[in-house]
Amino acid sequence: MADTGVVETLLQRIEKVDGGVDSLEVAASLGVDHQVIVGAVKSLQALGDIISAELRSSKHWELTEEGSEIAEQGSHEARVFSSIPLEGLLQAELMKLSFGKIGFSKAMSNKWIRLDKSHEGGPRIFRTVESIKDQVRERLLLVKQGNAAQLDEKEKNELKKRKLLAEVTVKSYWITKGNSFSTTVTKQETDLTPEMITTGSWKEKKFKQYNFEAMGVAPDCGHLHPLMKVRTQFRQIFLEMGFCEMPTNNYVESSFWNFDSLFQPQQHPARDQHDTFFLSDPPLTRGFPPEYLERVKKVHSEGGYGSQGYNYDWKIEEAQKNILRTHTTAVSARMLYKLAQQKFTPVKYFSIDRVFRNETLDATHLAEFNQIEGVVADYGLTLGDLMGVLHQFFTKLGLKKWVEVGNSGVFRPEMLLPMGLPEDVSVIAWGLSLERPTMIKYGINNIRELVGHKVNLQMVYDSPICRLDS
Amino acid sequence: MPTVGIKRDFLFKALGKTYTDEEFEELCFEFGLELDEVTSEKEIISREQGDSKAADASDVILYKIDVPANRYDLLCLEGLVRGLQVFKNKLEAPRYRRLSPDSGEPQRLIITKETAAVRPHAVAAVLRNITFTQERYDSFIELQEKLHQNICRKRSLVAIGTHDLDTICGPFTYTAKAPGDISFRPLNQTKEFTATQLMSLYKTDSHLRHYLPIIEDKPVYPVIYDSNGVVLSMPPIINGDHSRISLQTKNIFIECTATDLTKAKIVLDIIVTMFSEYCAKPFTVEQAEVVYPDGQIFTYPELTYRKEKLSGEFINRKVGISESAEQICQLLTRMCLLSHPLGEEIEVEIPPTRPDIIHACDIMEDAAIAYGFNNVPRTTPRTYTVANQFPLNKLTELLRHDMAAAGFTEALNFALCSQEDIAEKLGKKISDVKAVHISNPKTADFQVRPGNTAIRCA
């Protein structure tokens with residue numbers, strides 16, 4: 001409840017007049033800040049129909065901070081003028097003063113000063129007139145004193161352009177008597193106490209209305225990151241479809257598992273310095289299953305298993321290079337190799353984890369992101385099976401158009417057969433990024449607003465639950 | 001995915017049919033391509049450099065088509081049209097033939113031993129009695145550029161040179177000399193330069209400067225001469241102006257020098273198959289001989305038609321359809337893989353335009369494309385599997401929910417950070433910190449990956 005003294009004074013003022021009062025005038029005459037009167041008006045409004053307040057806005061001119069400074073100390077150009085002695089002043093010296101730069105050009109255009117460029121000792125500024133009239137300062141003082149009306153529009157706009165004046169909209173209230181006007185204000189009760197009930201005094205009390213429009217206090221709570229929420233949903237989908245999670249807790253991988261075992265040739269552009277992060281420490285991996293390595297080397301350089309191969313010199317040094325993995329397919333390769341070393345059983349694998357690409361960064365691409373990958377290995381899988389699995393997966397996601405966001409395919413025999421997998425086993429796989437569907441779902445346009453340390457945590461606090469299928 | 005820019009109206013004229021953008025997009029999709037953008041030169045310049053620069057540019061509608069990276073036969077209008085026409089059964093795939101010259105000996109390119117140190121291989125061929133129009137000429141130049149960017153790995157593996165045969169005289173010598181000893185008038189210049197001068201001249205050329213490092217530091221640079229000492233080219237940098245090709249050129253000598261012979265052969269095959277269409281005897285290429293320092297002679301272009309046998313059952317099994325052998329042969333023939341049933345099996349002929357077919361599974365893929373992916377019935381893998389969570393992840397999920405319930409907010413940090421982040425800013429020396437170091441970061445932000453796993457912070 002606002003200061004009762006102000007409220008009562010206000011009510012008395014309103015009672016005395018026939019029409020109404022302006023809140024600004026009241027504030028001025030009482031010598032209080034306008035906001036105090038506004039507070040009183042709001043309190044009265046909460047009590048019912050005691051007053052009626054109409055919101056009005058008016059514009060008036062005010063000095064900006066710079067304008068006030070000039071009103072006090074004089075305009076930059078006037079100060080320039082007054083700082084030039086009879087013998088003139090070196091331009092370099094003038095520029096050192098705070099008002100020098102701006103004041104100089106203005107004073108020049110007012111023809112108050114002149115510049116002798118070829119003066120001995122350096123360019124020198126001289127006065128051209130005996131004295132000047134600081135019109136700018138005078139005009140600003142007028143406004144400060146409340147006499148802005150004395151300036152014409154052109155003068156005001158000129159000062160506005162120089163950012164010395166600003167047109168300010170002021171909101172005030174026109175307050176008149178309401179239907180239940182009275183000069184006394186009864187305090188409304190905010191609590192129903194046991195005493196009121198026992199004494200029966202509640203029957204005479206006036207109670208303050210509940211305000212169901214008011215926002216409550218937000219409770220303190222923890223929050224989960226939206227990207228992780230989406231990840232949880234994708235994990236659920238895979239688990240529901242019978243997929244086993246692969247161990248992907250290794251960001252560092254050798255080129256061998258990341259590229260060579262997947263039959264990607266060593267001169268392929270993706271293995272470029274421009275696309276992949278190579279490691280300087282530790283730089284190499286040496287431990288590869290030796291027989292498997294030989295078979296991989298052969299299929300790249302000579303062919304075999306029904307393939308022509310790539311016909312190039314396969315180098316072990318390339319394969320040994322350590323990188324930050326560019327896809328989680330490297331893990332899938334390791335898993336399939338492991339599977340081939342025992343008696344083959346059909347499997348379904350998945351993973352959702354971080355991968356790294358050394359590519360050009362923009363609003364939707366970062367150097368690191370999360371890849372979702374699903375793999376199915378079984379006897380006699382067909383392209384029809386691949387499309388069927390994809391369809392099921394994306395149906396569970398609830399959005400058919402996301403199929404364009406991912407990649408899918410069948411692993412090549414040049415990859416599977418050297419591992420030792422049976423010939424009639426096919427492996428289908430597909431993947432997409434986690435960030436893309438998250439950004440679509442949560443309406444975020446720049447990936448940097450979603451991932452990384454520069455993220456606005458408010459986004460994390462405010463992000464809703466992740467329901468993929470709606 | 002490489003993108004090819006094709007003038008729409010020329011494309012439709014060559015296809016003999018006009019399509020709406022949607023219809024053409026659909027056709028591309030069926031064939032395994034993607035119509036990425038419909039634009040014009042004017043629009044492109046306007047977008048990149050502003051409207052004022054675009055004022056004089058062409059309004060002609062361009063189709064930007066995305067082509068799979070290993071389909072070198074679809075990198076030009078000629079190849080695209082041919083592929084699409086055969087796919088739609090409007091055309092039979094042409095048969096490319098290598099012929100010996102009508103008169104005289106084949107052109108010869110002699111490789112000397114000096115090239116071994118810098119660029120040992122070369123292949124060559126001749127296109128006889130070709131007729132260029134402005135469009136065909138532009139397409140010819142553009143294909144070379146696309147191949148250079150793509151399979152040639154920016155000219156480092158293979159460099160293509162095309163020359164007006166009537167301005168030069170074989171036999172040609174491919175050798176390597178010290179930069180100071182090479183002097184000629186390069187393309188678009190009016191005077192002669194030594195190779196050393198050219199290296200500095202082209203340092204500021206926005207296009208050519210990227211190729212200079214390929215030979216810059218070598219003791220000798222590759223160079224090709226004709227029998228009169230005229231320089232044809234200094235691969236991989238620039239051709240000589242003397243033998244430049246014009247719209248009036250009738251006979252073309254093509255040479256590809258390389259560090260990878262397999263790729264050079266593919267590149268040569270692609271160029272000649274694509275453009276022999278415009279020779280007086282269409283789809284014929286005149287052979288040329290390449291002599292190696294050890295005396296071995298090879299005849300090019302190889303234009304090999306490789307045969308592969310597979311069973312119809314293999315295709316049916318892998319795709320998930322059941323077509324007869326004849327039907328499968330028809331499907332494959334539509335993809336330029338001429339096939340016919342042979343006993344129990346199918347014999348497929350892989351033309352020189354399809355170096356991307358290296359295994360029967362590539363043939364199966366083409367059969368599926370011709371059949372139409374959308375026509376393949378969707379099925380589900382039959383095996384029942386039990387799901388399993390990776391224990392570390394299972395625990396993580398449990399922990400993060402309870403941490404949030406305890407009032408913590410989950411943060412997601414980058415795995416990569418700068419060296420200062422884990423050393424100086426923590427008052428430690430980088431050599432004492434257990435971290436993985438990246439050798440080629442693009443910015444200082446991605447230098448190291450700290451040794452602990454991702455931290456979830458409060």
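The size of an interface is often given as the accessible area lost when the parts come together. Here the area buried between chain B and chain A is about 5800 Å². Carbon and sulfur atoms give 55% of that area. Three residues of chain B stand out. I358(B), L412(B) and F414(B) supply 13% of the area that chain B buries against chain A, more than any other three residues.

How far does the predictor trust this picture? For the complex, the predictor gives an ipTM of 0.88 and a pTM of 0.77. Chain B averages a pLDDT of 92. In chain B, 98% of the residues score at least 70. One stretch needs care. Over residues 452–458 of chain B, the pLDDT is below 50. That stretch has 11 contacts in the model beyond near neighbours in sequence. Where pLDDT is low, the predicted coordinates should not be read in detail.

Now to the sheets of chain B. Seven strands form an open sheet, in the order β13-β12-β11-β8-β5-β16-β17. The pairing in this sheet is mixed. At the edges stand β13 (238–239) and β17 (297–300) of chain B. Each has a single partner strand, so one side of each is left without a neighbour in the sheet. Within this sheet, look at β11 (residues 221–225) and β12 (residues 231–234) of chain B. They pair in the antiparallel sense over two bridges. Y225(B) has V231(B) of β12(B) as its bridge partner.

Another open sheet in chain B has three strands, in the order β18-β20-β19. Its pairing is antiparallel. The edges are β18 (306–310) and β19 (339–342) of chain B. Each of these has a single partner strand, so one side of each lacks a neighbour in the sheet. From one strand to the next, the twist averages 25°. Four bridges join β19(B) to β20 (residues 345–350) of chain B, and the two run antiparallel. One link to find is S339(B), whose bridge partner in β20(B) is V348(B).

Helix α10 (residues 325–334) of chain B lies across β19 and β20 of chain B. Helix α10 of chain B runs at about 155° to β19(B). Helix α11 (residues 360–371) of chain B lies across β18 and β20 of chain B. Helix α11 of chain B runs at about 80° to β18(B).

Helices also pack on each other. Two packed helices are described by the angle between their axes and the distance between the axes. Take α5 (residues 77–87) and α8 (residues 261–275) of chain B. They pack at an angle of about 70°, with their axes 9 Å apart. α5(B) and α8(B) are therefore roughly perpendicular to each other. From α5(B), the contact uses E78(B), G79(B) and R82(B). From α8(B), it uses T273(B), M274(B) and F275(B). The residues of this contact divide into two nonpolar, two polar and two charged.

Which residue of β5(A) is the bridge partner of L89(A)? The partner is I125(A). I125(A) is also the bridge partner of L115(A).

Key
Residues numbered from 1 in each chain as written. Chains lettered and ligands numbered in written order. Predicted model: local features only at pLDDT ≥ 70, side-chain atom pairs only at ≥ 80, totals over all residues. Heavy atoms only, no water. Axes fitted to C-alpha atoms, helices over the stretch in contact; angles between N-to-C directions. Parallel < 35°, antiparallel > 145°, perpendicular 65-115°, else oblique. Contact = heavy atoms within 4.5 Å. Nonpolar A, V, L, I, M, F, W, Y, C, P; charged D, E, K, R; others polar. Pairing = 2+ DSSP bridges. pLDDT = per-residue confidence, 0-100. Buried area = accessible area lost by both parts, 1.4 Å probe.
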